[in-house]
Amino acid sequence: MKNIAIMGFKCCGKTTVARALAKKMGKDFIELDELVREAHKREKGEMLSCREIHKRYGAEYFRSLEARAVEQLRGKKDAVIALGGGTVAYCANVELLKQCCILVYLRDSAERLLGRIRRRGVPAFLNKGDLEGSMRRELARSCLLYTSPS
């Protein structure tokens with residue numbers, strides 16, 4: 001009955017895998033980024049992508065929306081959830097997710113991730129001037145985060 005939450009680096013396929021798993025298991029699919037966008041729309045009256053929310057209003061505002069979206073999961077049962085790439089970087093999010101979800105780490109190769117990031121657009125947390133280097137450093141840091149036993 002517990003939820004399954006898929007976590008991983010940007011562009012690793014969290015949404016694709018979570019959606020397919022939910023369908024195969026007959027569970028509800030929830031995309032955390034969609035909950036963030038909906039919360040922003042309720043608060044500011046505009047529908048923006050997560051990237052635009054972060055860019056226009058800053059990381060602190062975006063992470064506060066994300067924390068509220070994670071809080072909404074507390075009442076959910078039997079769903080498969082695609083988390084945002086940075087959701088588990090915040091201890092409060094992780095603690096709440098552990099209460100209501102089985103956390104699954106989805107991994108992909110640096111080469112495939114880099115290709116997807118180039119096609120979809122470089123996120124603000126990566127250095128465009130050293131895209132490959134900054135992506136590999138961030139990926140190494142993130143792997144520690146996702147595999148941490150805490």
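Visitor: Is Tyr61 buried or exposed?

Guide: Buried means under 20% relative accessible area, exposed over 50%, and partly exposed in between, with a 1.4 Å probe and protein chains only. Tyr61 has 12% relative accessibility and therefore counts as buried, while Tyr57, at 31%, counts as partly exposed. The model is predicted: local features need pLDDT of at least 70, side-chain atom pairs count only at pLDDT 80 or more, and totals for chains, interfaces and linings use all residues. Residues are numbered from 1 along each chain as its sequence is written, and side-chain values use heavy atoms, without hydrogens or water.

Visitor: How many aromatic pairs does a search of the whole structure find?

Guide: A pair of aromatic rings is described by the distance of the centres and the angle of the planes. Rings of Phe, Tyr and Trp (its six-membered ring) pair if their centres lie within 6.5 Å; planes under 30 degrees apart are stacked, over 60 edge-to-face, and the rest tilted. The search finds one pair. The ring centres of Tyr57 and Tyr61 are 5.2 Å apart and the planes are at 50°, so this pair is tilted.

Visitor: What does the side chain of Glu66 make a polar contact with?

Guide: A polar contact is a pair of N or O atoms within 3.5 Å, one able to donate a hydrogen and the other to accept it; residues adjacent in sequence count only if both atoms are side-chain atoms. For Glu66 the partner is the side chain of Arg63, at 2.6 Å. Glu66 sits in helix 4 (helices are DSSP runs of H or I with at least four residues, strands are E runs of at least two, numbered from the N terminus). Glu66 counts as buried because its relative accessibility is 1%. Leaving out residues up to four places away in sequence, Glu66 touches Leu32, Val36, Gly84, Gly86, Thr87 and Asn93 (contact means heavy atoms within 4.5 Å).

Visitor: Which residues lie nearest the centre of the largest pocket?

Guide: Rolling a probe the size of a water molecule over the atoms shows where empty space is left. On a 1 Å grid, a pocket is an open set of points where a 1.4 Å probe fits, with protein on both sides within 12 Å along at least five of seven lines; lining residues have an atom within 4 Å of a point. Lys10, Asp33, Gly85, Pro123 and Phe125 lie nearest the centre, out of 39 lining residues. Helix 4 is among the helices that each supply at least two residues of this lining.

Visitor: Where does Cys11 lie?

Guide: Cys11 is in the loop between strand 1 (3-7) and helix 1. Its phi is near 70°, a positive value in a residue other than glycine.
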